[in-house]
Amino acid sequence: MISVIIIDDEEMISKVLKGYLEDQGFEVATAGTGAEGLGLIRNGQYDVAVIDVRLPDMSGNDLALRAAAIKPGMKFIMHTGSVDYVLTGELNAIGVDADSIIRKPVKDMGEIVRMIERKVPTGRS
């Protein structure tokens, strides 16, 4: 089973996304801040992190880079409402590419499932 952590300070987004992903057979945890997310990542086993680009205590980019240092090989999906969001070379270096960005509002929840399955193709049973 693929394990996902959603790190987003918008509680409703986390709740809806968590419920949808659980219905699709994923194991899902949530965090509302970067610090909380890093704590869960440090102590857990997650295949993929869905990270809001704007968190109250740190940027999603910084969070992804710190999480990658803690759990090398972890995969990331950046979740943003910004039309101006641009990936950095540092994010590219940890495997975050243009296919790793999902824009809010999400019109097709299946898109997130497909992204996760592309990142962890052998994880579904």
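In the predicted model, five strands form an open sheet in the order S2-S1-S3-S4-S5, and their pairing is parallel. On average, neighbouring strands are turned by 20° against each other, direction ignored.

Within this sheet, strand S3 (residues 48–52) is joined to strand S4 (residues 75–80) by 5 bridges in the parallel sense.

Helix H1 spans residues 11–23 and comprises 13 residues. From its first C-alpha to its last, H1 reaches 18 Å, close to the 18 Å expected at 1.5 Å a residue. Ser14, Leu17 and Leu21 are the buried residues of H1. These residues lie on the same side of H1, because the arc that they cover around the axis is only 75°. An α-helix has 3.6 residues a turn, so positions three or four places apart point the same way. The cover over the buried residues of H1 includes S1, S2, S3 and helix H5 (109–119). On the face turned away from the buried side, H1 carries the exposed residues Glu11, Met12, Lys15 and Asp23. Gly25, which follows H1, has a positive phi near 95°.

Terms used. Residues numbered from 1 in each chain as written. Predicted model: local features only at pLDDT ≥ 70, side-chain atom pairs only at ≥ 80, totals over all residues. Heavy atoms only, no water. Pairing = 2+ DSSP bridges. Helix = DSSP H or I, 4+ residues; strand = E, 2+ residues; numbered from the N terminus. Axes fitted to C-alpha atoms, helices over the stretch in contact; angles between N-to-C directions. Expected span 1.5 Å × (residues − 1). Buried < 20%, exposed > 50% of the residue type's maximum accessible area, 1.4 Å probe, protein only. Arc of directions from axis to C-beta. Contact = heavy atoms within 4.5 Å.
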